[in-house]
Amino acid sequence: MSLVVVAECVAEPGQEDRLRTALEALIEPSLDEPGCLAYRTYADPNIPGHMVVVAEWTDPEALARHGTTPYVRHARQVLDLVLAEPMAVRRLMAARPPG
(Lines give C-alpha, C1' and ligand atoms only; values in the text may rest on other atoms or scores of the structure.)
Protein backbone atom coordinates (compact mmCIF):
# COMPACT_ATOMS: atom_id res chain seq x y z
CA MET A 1 0.00 0.00 0.00
CA SER A 2 1.42 3.37 -0.97
CA LEU A 3 2.34 6.16 1.40
CA VAL A 4 1.38 9.79 0.76
CA VAL A 5 3.41 12.57 2.32
CA VAL A 6 2.07 16.10 2.69
CA ALA A 7 4.63 18.71 3.74
CA GLU A 8 3.58 22.30 4.45
CA CYS A 9 6.16 25.08 4.32
CA VAL A 10 5.92 28.76 5.23
CA ALA A 11 8.71 31.08 4.05
CA GLU A 12 10.07 34.00 5.98
CA PRO A 13 8.94 37.28 4.37
CA GLY A 14 11.19 37.97 1.40
CA GLN A 15 12.24 34.31 1.09
CA GLU A 16 9.28 33.12 -0.97
CA ASP A 17 11.26 32.71 -4.20
CA ARG A 18 14.03 30.77 -2.47
CA LEU A 19 11.46 28.42 -0.96
CA ARG A 20 9.78 27.86 -4.33
CA THR A 21 13.13 27.24 -6.04
CA ALA A 22 14.28 24.79 -3.36
CA LEU A 23 11.06 22.79 -3.49
CA GLU A 24 10.79 22.77 -7.28
CA ALA A 25 14.40 21.56 -7.56
CA LEU A 26 13.30 18.36 -5.79
CA ILE A 27 10.61 17.39 -8.29
CA GLU A 28 12.57 15.90 -11.19
CA PRO A 29 15.17 13.92 -9.24
CA SER A 30 12.50 12.64 -6.85
CA LEU A 31 10.33 11.39 -9.71
CA ASP A 32 13.37 9.52 -11.05
CA GLU A 33 13.80 7.63 -7.76
CA PRO A 34 12.65 4.02 -7.49
CA GLY A 35 9.49 3.99 -5.43
CA CYS A 36 8.35 7.56 -6.18
CA LEU A 37 4.86 7.48 -7.69
CA ALA A 38 4.14 11.23 -7.63
CA TYR A 39 5.79 14.46 -6.49
CA ARG A 40 4.11 17.87 -6.83
CA THR A 41 4.43 21.29 -5.27
CA TYR A 42 1.55 23.68 -4.70
CA ALA A 43 1.46 27.37 -3.77
CA ASP A 44 -1.38 28.87 -1.75
CA PRO A 45 -2.65 31.82 -3.82
CA ASN A 46 -4.06 33.45 -0.69
CA ILE A 47 -1.03 33.17 1.60
CA PRO A 48 2.27 34.39 0.15
CA GLY A 49 5.13 32.06 0.97
CA HIS A 50 2.91 29.10 1.88
CA MET A 51 3.71 26.01 -0.19
CA VAL A 52 2.74 22.37 0.07
CA VAL A 53 4.53 19.32 -1.31
CA VAL A 54 2.46 16.20 -1.96
CA ALA A 55 4.41 13.05 -2.76
CA GLU A 56 3.40 9.43 -3.09
CA TRP A 57 5.80 6.58 -2.40
CA THR A 58 5.42 2.84 -2.89
CA ASP A 59 6.39 2.14 0.73
CA PRO A 60 8.10 3.64 3.79
CA GLU A 61 11.48 2.27 2.69
CA ALA A 62 11.36 4.26 -0.57
CA LEU A 63 10.58 7.40 1.42
CA ALA A 64 13.44 6.67 3.81
CA ARG A 65 15.88 6.30 0.88
CA HIS A 66 14.60 9.60 -0.53
CA GLY A 67 15.55 11.35 2.70
CA THR A 68 19.18 10.27 2.33
CA THR A 69 19.74 11.65 -1.18
CA PRO A 70 22.18 14.54 -1.68
CA TYR A 71 19.51 16.81 -3.19
CA VAL A 72 17.18 16.33 -0.21
CA ARG A 73 20.03 17.03 2.22
CA HIS A 74 20.83 20.20 0.26
CA ALA A 75 17.17 21.28 0.23
CA ARG A 76 17.00 20.83 4.02
CA GLN A 77 19.95 23.19 4.41
CA VAL A 78 18.20 25.82 2.28
CA LEU A 79 14.90 25.32 4.10
CA ASP A 80 16.64 25.85 7.44
CA LEU A 81 17.52 29.34 6.15
CA VAL A 82 14.21 30.34 4.57
CA LEU A 83 11.40 28.81 6.63
CA ALA A 84 9.51 30.96 9.13
CA GLU A 85 8.48 27.87 11.11
CA PRO A 86 9.27 24.17 11.09
CA MET A 87 7.87 22.22 8.16
CA ALA A 88 4.68 20.33 9.06
CA VAL A 89 4.82 16.82 7.63
CA ARG A 90 1.98 14.30 7.53
CA ARG A 91 2.34 10.70 6.38
CA LEU A 92 -0.91 9.19 5.17
CA MET A 93 -2.04 5.75 4.05
CA ALA A 94 -5.39 4.74 2.56
CA ALA A 95 -7.95 4.08 5.27
CA ARG A 96 -8.85 0.81 3.56
CA PRO A 97 -7.53 -1.07 0.56
CA PRO A 98 -9.22 -0.34 -2.79
CA GLY A 99 -11.84 -2.75 -4.03
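Trainee: Is His 50 buried or exposed?
Mentor: This is a predicted model: local features need pLDDT of at least 70, side-chain atom pairs count only at pLDDT 80 or more, and totals for chains, interfaces and linings use all residues. Residues are numbered from 1 along each chain as its sequence is written, and side-chain values use heavy atoms, leaving out hydrogens and water. Buried means under 20% relative accessible area, exposed over 50%, and partly exposed in between (1.4 Å probe, protein chains only). His 50 has 14% relative accessibility, so the residue counts as buried.

Trainee: Which strand holds His 50?
Mentor: Strands are DSSP runs of E, at least two residues; helices are runs of H or I, at least four; both are numbered from the N terminus. His 50 lies in residues 50-57, which is strand 3.

Trainee: How many salt bridges are there?
Mentor: The rule asks for a side-chain nitrogen of Lys or Arg within 4 Å of a carboxyl oxygen of Asp or Glu. Arg 90 and Glu 8 meet it at 3.2 Å, N to O. Glu 24 and Arg 20 meet it at 3.8 Å, N to O. By this rule, the count is two.

Trainee: How many residues apart are Arg 90 and Glu 8?
Mentor: Their salt bridge has an N to O distance of 3.2 Å. It links distant parts of the chain, strand 4 (residues 88-92) and strand 1 (residues 3-10). Arg 90 and Glu 8 sit apart by 82 residues.

Trainee: Where do Glu 24 and Arg 20 lie?
Mentor: They are four residues apart, about one turn of the helix. Both lie within residues 16-24, in helix 1.
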